[in-house]
Amino acid sequence: MKNSALHRSNLYGLLSLIYNRELTAETLKELKKQEFRETLYKLNIQLGGDFFNKPEEELLLDLTLEYTRLFIGPGRHISPHESVYREDKEGKGLLWGEATVEVKEMIEGTGLEYKANYQGIPDHIGIELEFMQRLTKQEHEAWESGDREKACRCLEYEKLFLESQPDKWVPLFCDKVIEAGELTFYREMARLTKEYLALEKRYVNESIDRFVNTFREYKSSGSKGR
């Protein structure tokens, strides 16, 4: 379980990095390494020869322009914020809506804090994925230290967050990116995000059935036997 949680955390971290900002030259070099290529192959993600063969300076410029066009603007773009996709009590989807408050409260409810220099909106897809990265990292550390109860609490919170936040809007967001993307990279990353979150939802539910419920039953029976 601990290795699984670590691998999951790493993938959440990668996806968070991709959506949070334009790729840097350093990140691009990491993405072009053989181990990343092998990971993509296992996940059935095809970036094509352009990504791996185009000169890095030219590719980085293309990706920066694509990121700006897709997620920032000017002009029509695809908002990466949850509140835009979810209607409030008045039937509107607006920045800093009710969904933004929900995400902020859930993140802060775990004791995690935003980076001191963070000035964005809390329900950005990159922040939600980063939150899942930190939750799964905590789960990994709990399994590694033998704290099964904390690992189970992490799994339960992962389920709560996935089902109440990303599951309600990220698939639609990804569909929009897949349709509007001109470069293979962002189309395939959106496809990976959508498919991975669906797998995660299933995995977390199965893990709770297998480990959390069993652990609760074990503790309950142990208490009765004393």
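## A salt bridge at Arg86

The side chains of Arg86 and Glu102 form a salt bridge, with an N to O distance of 3.3 Å. This pair links distant parts of the chain, 16 residues apart. Arg86 sits in the loop between H6 and H7, and Glu102 in helix H7. The model is a predicted one.

Arg86 counts as buried because its relative accessible area is 19%, under the 20% cut-off. Glu102 is partly exposed, with a relative accessible area of 29%.

## Other charged pairs

Elsewhere, salt bridges with shared partners join Arg8, Glu139, Glu158 and Glu200 into one network. Glu200 belongs to helix H11, residues 184-225. Its relative accessibility is 3%, so Glu200 counts as buried. Leaving aside residues up to four places away in sequence, Glu200 touches Arg8, Tyr12, Met132 and Leu162.

In total, the structure holds 16 salt bridges. Another of them pairs the side chains of Glu182 and Arg69, at 3.9 Å from N to O. Glu182 lies in the loop between helix H10 (170-180) and H11, and Arg69 in helix H5, so the pair ties together parts that are 113 residues apart in sequence. Glu182 is exposed, with a relative accessible area of 58%. Arg69 is partly exposed, at 31% relative accessibility.

## Overall fold

The protein has eleven helices and zero strands. Along the sequence, the pattern reads α-α-α-α-α-α-α-α-α-α-α. Of the contacts with a separation of 6 or more, 69% are between residues 24 or more positions apart.

Of the 226 residues, 42% are buried. The protein exposes about 12600 Å², and carbon and sulfur atoms supply 50% of that area.

## Nonpolar core

The largest nonpolar core has 54 residues. Leu23, Leu47, Phe51, Phe173, Phe185, Tyr186 and Met189 touch the most other members. H11 gives the most to this core, with ten residues.

Phe173 has contacts with Tyr19, Phe71, Ile78, Ser79, Pro80, Tyr85 and Ile125, not counting residues up to four places away in sequence.

## Cysteines

The structure holds zero disulfides. Cys152 is in no disulfide; the nearest cysteine sulfur belongs to Cys154 and is 9.2 Å away. A disulfide would need the two sulfur atoms within 2.5 Å.

Cys152 is buried, with a relative accessible area of 0%. Cys174 is also buried, again at 0%.

## Loops and backbone

The peptide bond from Gly73 to Pro74 is cis, with omega near 10°. Pro74 is placed in the loop between helix H5 (56-71) and H6.

Asn44 has a positive phi, near 60°, in a residue other than glycine. Asn44 lies in the loop between helix H3 (34-42) and helix H4 (48-53). Its relative accessibility is 49%, so Asn44 counts as partly exposed.

## Nonpolar surface

Val84, Leu95 and Trp96 make a nonpolar surface patch of about 290 Å². Leu95 is found in the loop between helix H6 (82-85) and helix H7 (98-109). Leu95 is partly exposed, with a relative accessible area of 47%.

Methods:
Residues numbered from 1 in each chain as written. Predicted model: local features only at pLDDT ≥ 70, side-chain atom pairs only at ≥ 80, totals over all residues. Heavy atoms only, no water. Patch = residues over 30% accessible without salt bridge, like charges linked within 9 Å, V, L, I, M, F, W, Y side chains within 5 Å. Areas by Shrake-Rupley, 256 points an atom, 1.4 Å probe, with all protein chains shown as cover. Salt bridge = Lys/Arg side-chain N within 4 Å of Asp/Glu carboxyl O. Helix = DSSP H or I, 4+ residues; strand = E, 2+ residues; numbered from the N terminus. Buried < 20%, exposed > 50% of the residue type's maximum accessible area, 1.4 Å probe, protein only. Contact = heavy atoms within 4.5 Å. Core = buried A, V, L, I, M, F, W, Y, C linked by side-chain atoms within 4.5 Å.
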